[in-house]
Amino acid sequence: MKVVDVERIVVDVPFTPRQQRITAREVYNWSIIELCKVTSDTGHVGWGETIIHYTWNRVTDASVSRVIGQSPAELLNEDSLGSGLQMALHDLVGKIMEVPVHRLLGNQIRDWVPISWWSIDASPEDWAAEAVDAVEAGYTSFKLKPRPWWDIVEQVAAIDARVPRYFKLDLDPNQTWQNAAAAIPIIQKLEAYPIVAMFESPIPQTDVLGNR
């Protein structure tokens, strides 16, 4: 099996009006996505995607040239190809071999994984409205970006008042809660809200003692 064609398609999938307003000051261009369509000489097609202004590594013309005529199975671990192209190669090989992608990565760990609704920092009212939309769309979790210029307790309370008990929050301050002394009192206040399921990087990840 060899790669015979790579097509790159750039699309701009608009955010909802509320998210356009929320993201306008920071991540407005995350709606621009490059799709990678990789075709093999077996007739199979693999798909991948890159959020151009966010994803860790973009696909380049040089990356595309590297894979043409090559076996996709030999390139699965080439991180330098860019995320969208590498993802498409995994999809392609999985389809050719008729196995789920997890068989190409290692052992299956779980039967299912949640997919979270997402938002950068916003007012309590906007976060609560986003959570309502998430529930209506069938989501069970919401990844959020707390920031020091908002009252996180007020934000969580606003969501808690409008979502079912099974709905969970993943709070990712991106290390902005400074240190353990500052973060622990915040976390203790949020323990009053069972919808808070996890904290991701509350303080700098290099602060091993603080995180412990």
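Predicted model: local features only at pLDDT ≥ 70, side-chain atom pairs only at ≥ 80, totals over all residues.
Q: Which residues of helix 7 are buried?

A: Start with the general idea. An α-helix has 3.6 residues a turn, so residues three or four places apart point the same way. Now the case here. Ala180, Ala183 and Leu190 of helix 7 are buried. They cover an arc of only 90° around the axis, so they sit on the same side of helix 7. Ala181 and Lys189 are on the other side.

Q: In what sense do strand 5 and strand 6 pair?

A: In the parallel sense. Phe142 stands opposite Leu169 in strand 6. Between the two strands the chain runs through helix 6, residues 152-160, and this β-α-β crossover is right-handed.

Q: What is the bridge partner of Leu171 in strand 7?

A: Keep the general rule for strands in mind. In a regular strand the side chains alternate between the two faces of the sheet. Here, Leu171 has Phe199 as its bridge partner. Strand 6 and strand 7, residues 196-199, pair over 3 bridges, in the parallel sense. The chain passes from strand 6 to strand 7 through helix 7, residues 180-190, in a right-handed β-α-β crossover.

Q: How many helices and strands does the chain have?

A: The chain has 8 helices and 7 strands. Its C-alpha atoms fill a box of roughly 55 × 40 × 30 Å along the principal axes. Of its 212 residues, 39% count as buried.

Q: Which residues lie nearest the centre of the largest pocket?

A: First, how such space is found. Rolling a probe the size of a water molecule over the atoms shows where empty space is left. In this model the largest pocket holds about 840 Å³ of space. Its lining has 22 residues, and Phe15, Trp30, Ile51, Ser116 and Trp118 lie nearest the centre.

Q: What is the make-up of that lining by class?

A: The lining of the largest pocket has 12 nonpolar, 6 polar and 4 charged residues. Strand 3 (45-51) and strand 4 (117-119) each supply at least two lining residues. The largest share, 3 residues, comes from strand 3.

Q: Where does Ser116 lie?

A: In the loop between helix 4 (102-105) and strand 4. Ser116 has 32%, so Ser116 counts as partly exposed. Now look along the sequence and through space. Ser116 and Ser141 are 25 residues apart in sequence, yet their C-alpha atoms are 4.9 Å apart.

Q: What is phi of Glu98 near?

A: Phi of Glu98 is near 60°, a positive value in a residue other than glycine. Glu98 is in the loop between helix 3 (83-97) and helix 4. The relative accessible area of Glu98 is 71%, so Glu98 is exposed.

Q: Where does Asn174 lie?

A: Asn174 is in the loop between strand 6 and helix 7. Phi of Asn174 is near 55°, again positive in a residue other than glycine. With a relative accessible area of 33%, Asn174 is partly exposed.

Technical notes: Residues numbered from 1 in each chain as written. Heavy atoms only, no water. Pairing = 2+ DSSP bridges. Helix = DSSP H or I, 4+ residues; strand = E, 2+ residues; numbered from the N terminus. Right-handed = clockwise from strand over helix to strand, strands pointing away. 1 Å grid on protein atoms, 1.4 Å probe; cavity = no way out; pocket = protein on both sides within 12 Å on 5 of 7 lines; lining within 4 Å. Points joined across faces, edges and corners; volume = space filled by probe spheres on them. Nonpolar A, V, L, I, M, F, W, Y, C, P; charged D, E, K, R; others polar. Buried < 20%, exposed > 50% of the residue type's maximum accessible area, 1.4 Å probe, protein only. Arc of directions from axis to C-beta.
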